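This report goes through one structure, shown below.

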Amino acid sequence: MDQELKTYRFLQTLLFGAFAVILFFSLKLQIFEGTKYYRLSEENRIKKKYIIAPRGKIYDRWGKEIANMRPAFYVSIIPALVDKNSIETVARILEIDINTIQKKLKIEKNPYVSVKINRDVSFKQISIIEEKIEELPGVEVGVEPVRNYPYNQLLCHLLGYVSEITDLELKQLKEYKIGDYIGRIGIEQQYEGILAGKDGIDYIEVDVKGRELGKVPEYRPIPPIPGNDLYTTIDLELTDSTAKFLKDYPKASAIAMNPQNGEIYVFYSKPGFDPNRFVHGLTDEEWLALNNPKEAPLYNRVTMSCYPIGSTIKPFLALGALDLGMIGAEKRFDPCRGGLKLGNRYFRCWKIHGSLNLIDAIIYSCDVYFYQLGRYLGIDNITDILFEVGFGKPTGIDFPQEKVGLVPERKWMERRYGKNWTEGHIFNLSIGQGDMLATPIQLARAYTIFANQENSIVTPHLNKNLNTGSKKIEKKIDALKLVREALSGVVARGTGMMAQVQGFEVSGKTGTVENPHGEDHSLFVGYAPKENPEILVCVVVENAGHGGSVAAPIVGKIIKTYYEINKRLSSE
Amino acid sequence: MNRKDYSILIISTIISLLGLAMIFSTGGLSYFTRQALWLGVAVLICLMISRFSSRFWQTFALPIYIFTCILTLIVLVYASSYPRRWFNIGFFSLQPSEFAKIGTILFLATYLSERKKIDKFTDFFIPIIIIAIPSFLIFVEPDLGAAQIFFPIMCIMLFWAGMPFEKILIFFSPIISAITSFSIYTWLGFMIIFGIFVYSRKKLTEILYHLIANPIAGLITPIIWHSLKSYQQKRIIAFLSPWIDPQGISWQSIQSKIAIGSGRLFGKGFLSGTQKKLEFLPERHTDFIFSCIGEEFGLIGILITVLLYIFLFYKLLRIARETKNKFLSLVVIGIMSWLWYQAFINMGMTLGILPITGVPLPFISYGGSALLSCFIGIGIVLSIIHNKY
């Protein structure tokens, strides 16, 4: 081949080779990766505008709204259009840190998507921004529905709150997106699946500057699906009264429920917090205050606080012993002389009771009688009955946070104290002091065995359409009858006299929990009426002294109010 | 060769009409009208030029070269706005760099055709000086895209004039040395492998050249790199790693790929490109018009465009081969390599396989000067076909 032809052939190869490369890469982009690039081009031009679905409302048992929605202003920024000055101005008006804004703007990958930088903004702040909006490119204001708790602190622990989803949660919960609210603690968390709606989507065509050109006809908008409403068993008015009865005490909890079906009327714990504050996003100081270990306002005492249950344990020991046939109602131990010596220790009673039978020992809450009964029963029989009525296990209430407490059974004792644990431990346990721990909700549930005519322990619940069920306890009818008589006697003539309500036969049991850190905790669990009780109330007042003098009258008042409300509403 | 062969004019006009349609789609009626006028003028001038005697080019090669270089110099001094690329003459503007390409090709062809044999190392120097003058003037405008085009034109013309390919490769190896010097290992690898290649040719001058020029090029590149404008650096970085900053420097490349890729096989349809319509596609009617063809007409559109170009270049190459006059043959090769290189670079850039340099797509991109200069090129080739001597 001559040189000229060689040169010609070479150039020809170069020429066609170059275009072959072009065609190859076109083929790659358009055919092999065409779908991907088509999707990218659609993502470029189509902005998804979410239509926020309102969260379902929450009602009390009488149909009053205890959580609803209200409109709130928000401020958002389109990163691609905003300038430094505007960010500074907005930060100054909203009184937030510039870095906080910039951090939020960085999370969104598409610079033309507007990012909410502050929510639940005050009307005044919005007015200032609106006034200057012409000078603030990329800044937008809008209105969105947000959660509202009209009775703020009153139901805070029951309802929980909603707040913006965290980055970590976003990674785990695929169905959520940046800026969504999610239920935290309480009913909001428990029933997130029911309450949360599904946001709708409007498809808007935008140009490269993010300017909205209108809806895209080929994409059908998706309407939002509002969340479902939730009807609770809660009695708002009764809860409000309960809060008033407890107003003088800084730390307390109260449960009122129907012992026949488990519906909870009152679920109250104090101190509390304003759940509305979370919608806006908390400042660091607010968050620190909520987590302050001394006040712990976020701490829900109904299901999370574990206390020894004091003398409220005594009816269970009595029930256990009677049922096992180990004693009869008339059984007397050594008389109470104000205490009992065990080895070189002396276990006190709170009073000199003399010789009592079982019923009177409950009525007058004689510790010496129960020291001896406990010793007589033995650790295994005691812990058996405690487990049977639900201590040391979660209650199964439809509520997300619950502690299990502790029943110090033999194995636990041996682990804790070695082989050398003594009868002294049984003495303490027999009067509900020492190692045993239970939550107020466990205590309330355990007492339904006395209040429930089916001889069941009934699990409390908050959702009106849910039944958490009950558990039949195989105990002799006679044994239960005897203890019920005793509980009625407690209020009629014993330590719980202050729980008396005119016109109703209240039964119950006082408890005083020794507190090494300060004043004793005051407990009372009571129910009424004696036959077919409609309401069971458990009140724990921290650092308030004797159960008979503080908790008992409060329980009485709650029961009285319950009947007043029911009488009024049924006559309406 | 047929004395009445107008096929290259016809094919060029077809490509231009395709371009016109795309300009209507990307720029709207006002751009379309202006470009249509330019096209009319360009075809007329092309036909006029085709009547010239081919001897004219040889006679006036140097004056044309000097004239276009002076024009380029004047625009540098008198241009009213930055970058200093355009003369504003009433309602239209002229870009002398487009015409400097023609002047340079003509003069380079004159020089190369006057040499008996082009195969020595020293034969590089004069051609380099010839292209360096317009290239430098355009570089300081600044227009890096247009400045670099002279170089491949010269290489192909040298090759056509008889310079062996290996020599060109060795002579320009300092450029490869410079590129590879961004990584010391790549550079060492290049120095060794290329050294073995040069050594096997057993030519002392070549070995010495390799041992001196390549290390120097490799060492001064960092200095040159730092002297580049930051946007120029960014463009190179963006090319090397396009997803490094998708909102910033790589935006154009990514949006162009999205436009082409989303066209798939049949395209989104004429006037229906969303990347184009919503302005995601940058420089839609000029540098990135090919992306718009890809978006609206899909692979079919790209295939047709490429086939039209292939046909045009195939014809030009044939003409160059069949033209027995060395000068005229070199002119045709010069014009072909210019158009071919711009087409390739532009398409490669829009496809994301080459760095983004502002090179228009011949006959298709919006721009009067570019269109006119292309048709002048075609006119020169026609005059060569029609007026053999």
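Which residues of chain A are linked with A:Glu42 in a network of salt bridges? The network joins A:Glu42 to A:Arg45, A:Glu205 and A:Glu218. A salt bridge here is a side-chain nitrogen of Lys or Arg within 4 Å of a carboxyl oxygen of Asp or Glu. Over all chains, a search of the whole structure finds 45 salt bridges.

The model is predicted: local features need pLDDT of at least 70, side-chain atom pairs count only at pLDDT 80 or more, and totals for chains, interfaces and linings use all residues. Residues are numbered from 1 along each chain as its sequence is written, chains are lettered from A and ligands numbered from 1 in the order in which they are written, and side-chain values use heavy atoms, with hydrogens and water left out.

| A:Glu43 | A:Arg39 | 3.0 Å |

A:Glu43 and A:Arg39 both belong to helix 2 (residues 34-45) of chain A, where they sit four residues apart, about one turn of the helix. Helices (H or I, at least four residues) and strands (E, at least two) are DSSP runs, numbered from the N terminus. A:Glu43 is partly exposed, at 41% relative accessible area, and A:Arg39 is partly exposed as well, at 45%. Buried means under 20% relative accessible area, exposed means over 50%, and partly exposed lies in between (1.4 Å probe, protein chains only).

The pair of A:Glu192 and A:Arg55 links distant parts of the chain, 137 residues apart. A:Glu192 is in helix 9 (residues 192-195) of chain A, and A:Arg55 is in the loop between strand 1 (46-51) and strand 2 (58-59) of chain A. A:Glu192 is buried, with a relative accessible area of 10%, and A:Arg55 is buried at 9%.

A:Glu542 and A:Arg301 are 241 residues apart and also link distant parts of the chain. The loop between strand 19 (535-541) and helix 22 (547-571) of chain A holds A:Glu542, while A:Arg301 is in helix 13 (residues 301-304) of chain A. The relative accessibility of A:Glu542 is 11%, so this residue counts as buried. A:Arg301 is buried too, with a relative accessible area of 5%.

**Two further charged residues**

A:Asp367 lies in helix 16 (residues 367-377) of chain A and counts as buried, at 10% relative accessibility. Apart from neighbours within four places in sequence, A:Asp367 is in contact (heavy atoms within 4.5 Å) with A:Ser311, A:Lys314, A:Arg348, A:Cys349, A:Trp350 and A:Ile431.

A:Lys132 is in helix 5 (residues 123-132) of chain A and is partly exposed, with a relative accessible area of 27%. With neighbours within four places in sequence set aside, the contacts of A:Lys132 are A:Thr89 and A:Arg92. The C-alpha atoms of A:Lys132 and A:Ser86 are 9.8 Å apart, and 46 residues separate the two along the chain.

**Nonpolar cores**

A nonpolar core is a set of buried Ala, Val, Leu, Ile, Met, Phe, Trp, Tyr and Cys residues joined through side-chain atoms within 4.5 Å. The largest has 134 residues, of which A:Phe316, A:Leu373, A:Phe391, A:Phe450 and A:Val539 touch the most other members. Helix 22 of chain A supplies the largest share of this core, ten residues. Not counting residues up to four places away in sequence, A:Val539 touches A:Ala551, A:Ile554, A:Val555 and A:Ile558, among others. A second, separate core of 126 residues includes A:Tyr8, A:Leu40, B:Leu108 and B:Ala320.

Chain B has 17 helices and two strands, and 58% of its 389 residues are buried.

The contact takes 46 residues from chain B and 37 residues from chain A. The two chains bury about 3,900 Å² between them, 78% of it on carbon and sulfur atoms. Buried area is the accessible area (1.4 Å probe) that two parts lose on being put together, summed over both. Across this interface the rule finds zero salt bridges.
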